[in-house]
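Student: I've got a model open and I'd like to learn how to read it. Can you walk me through it?

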Amino acid sequence: MLALTVVLAIAGCSFPPLNGGPAVRFHGEATDPIGDTASVADARVARPADLVYASVQVTDDALRLTVRFAPHSLDPATTGAAILLDTDLDPETGGRNPGLGADYLVSFHAGARREATIARAMTDAECTPPGIPCRYEPFEHTEVVLSNDEMTAVFPRSALARFDGRLNFLVIAYASLNDGRGTATSDHMPNLPAQFIAVR
Ligand SMILES: [Ca+2]
Ligand SMILES: [Ca+2]
């Protein structure tokens with residue numbers, strides 16, 4: 001049994017998967033400094049999540065989002081992340097950030113119910129100024145894969161409307177407080193003056 005296991009392991013190393021999976025059509029990534037967290041002084045946040053890297057890969061069928069944290073700064077109990085996506089490359093549509101009109105929001109929720117949701121920008125009667133989206137309505141969820149310092153989620157590309165594979169995005173890491181009733185932002189990327197990370 002042991003010999004067979006060893007042979008299989010060697011065979012696995014000798015024959016990597018064909019093409020390494022589906023072709024990536026569009027890709028964007030960025031790094032972020034270690035040690036630039038905002039809430040280091042907040043006593044409620046024992047381990048402020050410190051972003052160091054994020055990427056978005058777009059294949060024919062899927063959108064893969066990866067967020068990586070400085071070693072040991074991802075607290076599985078409290079660390080969440082929000083990724084704002086401008087999928088039509090139009091800063092005048094979606095929720096407004098400087099230079100980024102976020103048509104969708106992906107949330108990597110913290111804690112026991114660990115999952116990712118995708119939400120679309122919505123306008124309702126309470127929005128001010130009127131006609132500009134002021135909230136995000138979740139419509140699909142998927143699992144979050146957690147490794148030591150990384151979170152990954154994959155959504156079907158078909159979930160996104162007006163999307164040709166290119167997008168702009170930014171990432172906000174936060175700590176979930178009081179059983180999710182509050183949050184404290186711990187890091188943001190990219191840092192100014194950059195306003196977004198381009199996926200092209
Ligand atoms: Ca950072
Ligand atoms: Ca937009």
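Tutor: We'll go through the core, the sheet, and then some backbone angles. This is a predicted model, where local features need pLDDT of at least 70, side-chain atom pairs count only at pLDDT 80 or more, and totals for chains, interfaces and linings use all residues. Residues are numbered from 1 along each chain as its sequence is written, while chains are lettered from A and ligands numbered from 1 in the order in which they are written.

Student: Okay, which residues have the most contacts inside the largest nonpolar core?

Tutor: Idea before case: a nonpolar core is a set of buried Ala, Val, Leu, Ile, Met, Phe, Trp, Tyr and Cys residues joined through C-beta atoms within 7 Å. Buried means 20 or more other C-beta atoms within 10 Å, exposed means 12 or fewer, and partly exposed is in between, with C-beta atoms placed from the backbone. Here the largest core has 43 residues, and Ile83, Leu84, Phe169 and Val171 have the most contacts inside it. Strand 12 (residues 167-177) gives the largest share, seven residues. Strands are DSSP runs of E, at least two residues, numbered from the N terminus.

Student: What does valine 171 touch, beyond its neighbours within four places in sequence?

Tutor: Contact means C-beta atoms, placed from the backbone, within 7 Å. By that test, valine 171 meets Leu51, Ala54, Val67, Ala81, Ile83 and Met189.

Student: Now the open sheet: in what order do its five strands come?

Tutor: Strands of a sheet pair through backbone hydrogen bonds, either parallel or antiparallel. Two strands count as paired if DSSP finds at least two bridges between them. The order here is 1-2-3-11-10, with antiparallel pairing. Strand 1 (26-31) and strand 10 (145-146) are at the edges with a single partner strand each, so one side of each has no neighbour in the sheet. Strands 3 and 11 (residues 150-156) are joined by seven bridges; alanine 62 has proline 156 in strand 11 as its bridge partner.

Student: Where does proline 190 lie?

Tutor: In the loop between strand 13 (182-189) and strand 14 (197-199). The peptide bond from methionine 189 to proline 190 is cis, with omega near 5 degrees. Proline 193 is in the loop between strand 13 and strand 14 too, and the bond to it from leucine 192 is cis, with omega near 10 degrees.

How values were computed. Helices (H or I, at least four residues) and strands (E, at least two) are DSSP runs, numbered from the N terminus. Two residues are in contact if their C-beta atoms, placed from the backbone, lie within 7 Å.
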